[in-house]
Amino acid sequence: MKISILRLGHRLPRDERITTHVALVARAFGASEIIYTGQHDGSLESSVSRLAKEWGGEFSIKYEKNYEKIINEYKKNGFVIVHLTMYGLPLPEIGSRLKADCSGLLIIVGGEQVPKEVYEIADFNIAITSQPHSEVAALAVFLDHVTNSEPLKRSFNDQFKGKIRIEPSERGKKIIKN
Ligand code: SAM
């Protein structure tokens with residue numbers, strides 16, 4: 001199943017770090033791309049692309065001005081649209097209704113005020129607790145859930161085939177350069 005992230009309303013300089021972290025979490029948990037709206041940010045794109053090249057895997061980042069265009073396009077291609085929001089229904093109430101046979105998941109996370117249309121257009125508005133926190137945390141918990149925690153396993157690392165990788169160890173840091 002292909003997993004794509006749509007990050008809404010990127011603001012410079014305020015969201016530089018947090019959008020980077022959204023991208024890093026997405027990649028580490030097996031998503032294949034992040035699309036962001038808001039302000040275009042060349043340095044965000046180059047730092048995410050550089051990291052993906054070094055640590056491996058297929059992960060891309062792209063900018064799109066119009067979020068509705070992306071949502072409609074992905075819907076048409078059979079993706080289930082999930083919007084992560086504290087106002088949504090708790091994940092345990094929705095988890096089993098997420099289609100296992102969909103071609104993919106488009107996961108929307110906000111930044112600034114999320115337009116009300118997003119709540120309407122999404123197939124599911126899902127809360128990771130009904131308390132305010134962060135798009136990074138919400139995404140990590142949700143991806144852990146939909147991937148059945150596979151990315152947490154040692155074997156998941158094999159798919160990245162990067163120039164560098166970590167050899168897990170009980171103590172210290174072991175980095176292998178390929
Ligand atoms: N004021 C914003 C709004 O209009 O929703 C929320 C800002 S919040 C810092 C940024 C994003 O984090 C939200 O759009 C949502 O995607 C995510 N988020 C924060 N808390 C969440 C929660 N409890 N469950 C799911 N997602 C959450």
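A: Let's start with how helices and strands are assigned: both are DSSP runs numbered from the N terminus, with helices (H or I) having at least four residues and strands (E) at least two. This is a predicted model, in which local features need pLDDT of at least 70 and side-chain atom pairs count only at pLDDT 80 or more, while totals for chains, interfaces and linings use all residues. Residues are numbered from 1 along each chain as its sequence is written, and side-chain values use heavy atoms, with hydrogens and water left out.

Q: Is Asn148 buried or exposed?

A: Those words come from relative accessible area: under 20% is buried, over 50% is exposed, and in between is partly exposed (1.4 Å probe, protein chains only). Asn148 has 62%, so it is exposed.

Q: Which value does phi of Thr129 have?

A: It is near 75°, again positive in a residue other than glycine. You'll find Thr129 in the loop between strand S6 (124-127) and H6. Because its relative accessible area is 47%, Thr129 counts as partly exposed.

Q: Now helix packing. How is a pair of packed helices described?

A: By the angle between the two axes and the distance between those axes. The axes are lines fitted to C-alpha atoms (for helices, over the stretch in contact), and angles run from 0 to 180 degrees between N-to-C directions. Here, H1 (residues 16-28) packs on H2 (residues 42-55) at about 30°, with the axes 10 Å apart.

Q: What are H1 and H2 to each other, roughly parallel or roughly antiparallel?

A: Angles under 35 degrees count as roughly parallel, over 145 as roughly antiparallel, 65 to 115 as roughly perpendicular, and the rest as oblique. So H1 and H2 are roughly parallel. Glu16, Thr19, Thr20, Ala23, Leu24 and Arg27 make the contact from the H1 side, and Leu44, Val48, Leu51, Ala52 and Trp55 make it from H2.

Q: Which residues does Thr19 touch?

A: Contact means heavy atoms within 4.5 Å. Not counting residues up to four places away in sequence, Thr19 touches Arg7, His10 and Leu44. Thr19 belongs to helix H1, and at 1% relative accessibility it counts as buried.

Q: At what angle do H1 and H6 pack?

A: About 10°, with the axes 9 Å apart; H1 and H6 are therefore roughly parallel. In this pair, Ile18, His21, Val22, Val25 and Ala26 of H1 meet Glu135, Val136, Leu139, Ala140 and Leu143 of H6.

Q: How many residues does the largest nonpolar core have?

A: A nonpolar core is a set of buried Ala, Val, Leu, Ile, Met, Phe, Trp, Tyr and Cys residues joined through side-chain atoms within 4.5 Å. The largest has 35 residues, and Ile5, Leu84 and Phe142 have the most contacts inside it. Helix H6 (residues 135-146) supplies the largest share of this core, seven residues. Another core lies apart from it, with 15 residues, including Leu6, Ile35, Phe79 and Val118.

Q: What is Leu84 in contact with?

A: Leaving out neighbours within four places in sequence, the list is Ile107, Ile108, Val109, Ile126, Ile128, Ala138, Leu139 and Phe142.

Q: Where is the place of His83?

A: In strand S4, residues 79-90. At 1% relative accessibility, His83 counts as buried. Beyond four places in sequence, its contacts include Val114, Val118, Tyr119 and Phe124.
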